[in-house]
Each structure stands twice: as C-alpha cells, then as structure tokens.
Amino acid sequence: MVTLTIDGRTVSVPEGTTILEAAQTLRISIPTLCYLKDINEIGACRICMVEVEGYARLVPSCDSAVSEGMVVYTSSPRVREARRVNLRLLLSQHETKCTKCTRSGNCKLQQLTNDYNLLGDHYIDDLKNIPTDYSNPVVRIENRCVKCMRCIQVCEKIQGMGIWDLMGTGSHTTIGVGKYRTLGESDCTFCGQCVVHCPVGGLQEHDDTGKVFDALADPNKITVVQMAPAVRVAWAEYYHLTPEFASAERMVTALKQMGFDYVFDTNFTADLTIMEEGSEILNRLTCYLNGDKSVRLPILTSCCPAWVKYCENKYPEFVPNLSTCRSPQQMFGAVVREYYKDPEKNEGKKIVSVSIMPCTAKKEEILRPESYTNGKQDVDYVLTTRSEEH
C-alpha cells in the first residue's frame, strides 16, 4: 500500500493506483474529458492536471501513479488556471452553437465550460471548413471533435474494428477514418459505440425525427411504430423513472398521444424469428444427417445487423453459417407491409413504418437490399435512443 495526501486528506491505496483513482476513494472529484477507465488513459485532454509538491510541472492525474508520501493539490489556483487555459484551447476549435447539438445539456465540455466560468467569446475562433457527411447512420461533425481519442480506443480495443484513426500532424491533427476512406467505404458496422462514448457532439446518430413528425401530421398516411424491448430501459434512465412507472403501457400511451396510429412491441416478431430460425436449423440438421455434408453448421444468428456486417468483413468464411432469417425489426416491417397492402385495411393511405431502436446499426439495416421486399424498403425510418451518461 502507498500512503499519500490529497487536498490535505491522507489516503492509502494499492501500489500502481493513479492519482485520479486515489482521489476518487476520498470522493474528491477531478474533472476529466478524455478518460475512460482501462480504455483511454492517455491524458490527451490535459483537463485532469493536478499539482504535486516537488514537481516543477503539473501532471495528468489519469495516467500518473501515486508514490509514497506524495502531496497532491487538485484545485489550487495554478491547477484551475491551467484547466481554464486548456479548455480555451479546446473551445478555440469547437463549434459552440450548443442549441444545435444533440449533446446539449449532457455534454462534458459544456459542463466544464460552465464550471470554470468560460462563458462568452474570449477565445480565438479556429474552426475548419469541412462539410459534414449525413449519408451514414453515424455522423461525424469535425468542428465539435475535441480529439479525446475515445472513439479510436473503443473501436479498437472493445469492438475490434479499428475504423477511426488519427489523421494529420501538429495543429492539423484530427480524427478520421483509417486508410483515408469515407465512413461508408469502411468496414464500420455502425454499432454506435463511438457515439455512446463521445463526450461531446462530435459523433451522433443520423436523425430522422423531423421526417417522422411530418408523417404523423399527414392525414394521408398511416403510421405504425415498433419498439425494441431495450427502449423501455433507455426511456426510464433518461427521464429518471422508476421501473414501476416506466411501463410498456405508458410508452404506448405516449406514442399514441404523439399521433402514431398503431404501436407494437418488436418482441412479437422476435418470436417469429425464433420459430423461423428453429425451422431452419431443423432443416439443416435433417439434410446433414441424410448425408448432405455441404450443409453449414452451426447456425449463427442474423438478428443483429452490426454482428452480420462484422462477420462479413472480419470472418467472411463464416457467412454461410449465418441464418437466412431476417432480424425481428425487418420481419416486423415485412409483416406490416403485407397486412396493410389490403385496401380495406389501409383505407387508401400510405403506410409509414417506424422503429425505435437502441442501436444505430438498425439504420443501416433498413437500407440493405436483402432487407427489401420486392425491391421496396420495409421499414421507412429508425429512431435511435441513447443513454444519458458518457
């Protein structure tokens, strides 16, 4: 164990513990922006700087280990001023039109700007003239990026894809798609983990809520919505609701009041998927036992479009093992189209099929040609829920 003093309080922690972690055991909050435990501990943002007696310079608390007898100050005038300078440098290359950002109200940079009283225009504006590509489910906005490198590390260490990378040098350093490709040209599975872990609005999901509201207001359209089971959890978390209050019944009521004509649970077609996949595996086993050794076993699920694309890009030899069944979302879209093609049911109106999902990969799935029926898109729009934290 190592004993040190932080802001006048003594604490003993295991050898190898960082200053940040030691402070957390005392419930002393050191601000961070790029830090992700065990994933991104590189001190890139320099917001977690602290003062250590005997050290000529401030040190980043997230990747500096404690030592015996160390005396640390986490909020001295020198530390606060250094954080203000570093925040000014980040803000100089950051679009501060927060009302346009999906992260407004849930943004670490915005919170730090308020905490360190950096409101106003007392920093140099150094934005880049790079257009935003809205053609993919995941959208990167250059002038919101703070180069924290969370997206790089999560994509590499957790998802195993390595889509994002550092591009350029010096003041021209930025985050981009590796090998100088566009996101659409890359192997990205659009899992959305980079979006979840981006502390600002540099990465966001493609937003179709405006188009859905237009459909709800159109009297010549019948709007049908499906909800993934996980949406109930995201809804409850965002609005700080108890499990008893955040019931499926209340979600149905809310969506009906918004104007949706029909509300369904994707669990319905999840049951269909189970039956279809069960039939498929029985058929393959029967063929295999009857001597057809070309049958590919075992069967791998096709319910997750991010997993399907991951398999296609990383392990193409296993693509024949994927189930030929559609995902529950796409099965529901096909069932809705089939049911409402009857003029007596659609009343001569156009059907607009919407799904509410917790994953951005579902946005890409509805555009895959194999998800179409007779060359037409089954699900029109996917709205993505997001968690409150990160």
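**Note on the predicted model: sheet and helix packing**

1. Four strands make up an open sheet, ordered β11-β10-β12-β13, with parallel pairing; two strands pair if DSSP finds at least two bridges between them. Strands here are DSSP runs of E with at least two residues, helices are runs of H or I with at least four, and both are numbered from the N terminus. β11 (262-265) and β13 (381-384) are the edge strands, each with a single partner, so one side of each lacks a neighbour in the sheet. Direction ignored, neighbouring strands are turned by 25° against each other on average.

2. This is a predicted model: local features need pLDDT of at least 70, side-chain atom pairs count only at pLDDT 80 or more, and totals for chains, interfaces and linings use all residues. Residues are numbered from 1 along each chain as its sequence is written, and side-chain values use heavy atoms, leaving out hydrogens and water.

3. Within the sheet, β10 (residues 221-227) and β12 (residues 350-357) pair in the parallel sense over seven bridges. I222 lies opposite I351 in β12.

4. Helices α7 (residues 230-238) and α8 (residues 248-258) pack at about 80°, with axes 11 Å apart; axes are lines fitted to C-alpha atoms over the stretch in contact, and angles run from 0 to 180 degrees between N-to-C directions. The two are therefore roughly perpendicular (65 to 115 degrees). V231, R232 and W235 in α7 meet A248, R250 and M251 in α8, where contact means heavy atoms within 4.5 Å.

5. Of the 390 residues, 46% count as buried (under 20% relative accessible area, 1.4 Å probe, protein chains only).

Definitions and conventions. Parallel < 35°, antiparallel > 145°, perpendicular 65-115°, else oblique. Buried < 20%, exposed > 50% of the residue type's maximum accessible area, 1.4 Å probe, protein only.
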